Amino acid sequence: MEKYRDNPQAIRELVREAEVHKDLYINQELFELEMEQLFVNTWVYVGHASQVPNKGDFYTTTVGTESVIMVRHTDDSIRVLYNRCPHKGVQVAGETCGNTGKFFRCPYHAWTFKTDGSLLSIPLKKGYENTGFECTEGSKGMAAVQNVKVYRDFVFCRLADEGVSFEDFFGESLSTIDNMVDRSPEGRLEVAGGVMRYMHQCNWKMLVDNQTDTCHPMVAHESSAGTAVKAWEAAPPGTPKPMAVELFAPFMSPYEFYEGMGIRVWENGHGHTGVSNSIHADYSEIPGYWDQMVEAYGEERAKAILGDTRHNTCYFPNIMVKGPIQTLRLFKPLAADKTLVESWTFRLVGAPDTFLERTLMYNRLINAPTSMVGHDDLEMYERAQHGLQSRGRDWMNLARLVEKDEDQQKNVVINGTSEMQMRAQFRAWLKFMLPEQQAKKEEE
């Protein structure tokens, strides 16, 4: 029996000021509504332009659970197409990536489509003469997503025809992308090192919540990062500090460190940890890089770029960006209790190769299926997914440092252990799950 479909009041009641109902994580009907509403009405990350550098290059992915193709069109623009032939519904692109040339060809009946989705040719076309074919959907070719934005080579789309603009949706939060790109002396990034995919038996929102949860690292990661730190402390005096230890050690920083580093909360569910300090602030200098940055930007601007060491930036609904270490994690929802996590790494074009080495090492140590730190989090997610099935309690608590009328605050900096960012994400969840009701509320 459906509980939430066509029942906006029941959905609104799932989110309280400092609590959220467990159904947000375990109810499959709600998950399906998220795919129909939330992931349609928001601007969702698709990929990076460097993945399709040449005309005809394509990359297949999902937006929510919609299968799409990101492709470099013949005019050098990037298009996003629904991966479906208008004939019998077959997925046209079967590979993850490749080069299709000037057109896509359906593997079932050989219908062909230009890289903007428009119909190019049909075998035995005379069989459609005087049938009214030109009035059918099939004559229009592959459907293209109309709202696509390429921002500094990061590709986003909004599946809904109408809705919030890209600029209004992201606002000041785009400064994190700016900072990551500007760390390249040439102002460019390239996807490098492939992608690590890691299946999680939990709801996608658990991963999003975790990115600004600063009260768990010193607890959950004690067995991994804590052990690495102890091993380093036992090393003989004068032993050079390994890069891995530099990456591990900050996870064991005390509560006071995280309180002081701060969290910035933007509108529409976006926010970041690491306002005044972060776990990425004390990496070893890389010879020659500072001089490159000064030459490219001038000393004052270079100092501002490199001094902004944000920890985790959450872009609602489902990506996290680490500018100082050049990584992006994409949380792909598959079911209420299943999420595929993709961890992408980027090269700072023109910067020393040591940066990419450090980025790749961080990804392996922290985010990979073979990582040590990532397994700590995964165990907590899966324990939570099972625990939320309990009849004992129905609500999850997000009350830490809750403030009066905080829903009226915009783009604020708060205590680094506050859960305001999580609360803001659930307010955004409601807003984009119920866009029509939200519009009426704003009119009133």
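Is Cys 157 buried or exposed, and what is its relative accessible area? Cys 157 is buried, with a relative accessible area of 0%, where buried means under 20% relative accessible area, exposed means over 50%, and partly exposed lies in between (1.4 Å probe, protein chains only). The model examined here is predicted, and local features are therefore reported only at pLDDT of at least 70 and side-chain atom pairs only at pLDDT 80 or more, whereas totals for chains, interfaces and linings use all residues. Residues are numbered from 1 along each chain as its sequence is written, and side-chain values use heavy atoms, with hydrogens and water left out.

The other cysteine considered, Cys 97, counts as exposed at 51% relative accessibility. The sulfur of Cys 97 has its closest cysteine sulfur in Cys 157, at 19 Å, which is too far for a bond. In keeping with this, a search of the whole structure finds 0 disulfides, a disulfide being a pair of cysteine sulfur atoms within 2.5 Å.

Helices (H or I, at least four residues) and strands (E, at least two) are DSSP runs, numbered from the N terminus. Helix α3 covers residues 28-41, and its 14 residues should span 20 Å at 1.5 Å a residue, which agrees with the 19 Å between its end C-alpha atoms; the expected span is 1.5 Å times one less than the number of residues. At Glu 34, α3 bends by about 40°, the bend being the angle between axes fitted to the seven residues ending at a residue and the seven starting there. The buried residues of α3 include Leu 30, Phe 31, Glu 34 and Phe 39. At the start of α3, the backbone nitrogen of Glu 29 lies within 2.9 Å of a side-chain oxygen of Asn 27.

Strands of a sheet pair through backbone hydrogen bonds, either parallel or antiparallel, and two strands are taken to pair if DSSP finds at least two bridges between them. An open sheet of 3 strands has the order β7-β8-β9, with antiparallel pairing. Strands β7 (103-105) and β9 (119-121) stand at the edges with a single partner strand each, so one side of each is left without a neighbour in the sheet. Strand β8 (residues 112-114) pairs with β9 over 2 bridges, and Thr 112 has Ser 121 in β9 as its bridge partner.

Strand β4 (residues 66-72) is mostly covered, with 5 of its 7 residues buried. Strand β3 (residues 57-63) runs antiparallel to β4 and is joined to it by 6 bridges, and Phe 58 has Val 71 in β4 as its bridge partner. In the hairpin of β3 and β4, which has 2 residues between the strands, Gly 64 takes a positive phi near 65°. On β4 there is also an antiparallel pairing with strand β5 (residues 78-82), over 5 bridges, in which Ile 69 stands opposite Leu 81.

Strand β18 (residues 338-348) is likewise mostly covered, since 9 of its 11 residues are buried. Strand β12 (residues 189-200) runs antiparallel to β18 and is joined to it by 9 bridges, with Met 196 opposite Ser 343. Strand β17 (residues 327-335) pairs with β18 in the antiparallel sense over 8 bridges, and these two strands form a hairpin with 2 residues between them.

Note on methods:
Polar contact = N/O pair within 3.5 Å; in protein donor to acceptor, adjacent residues only side chain to side chain.
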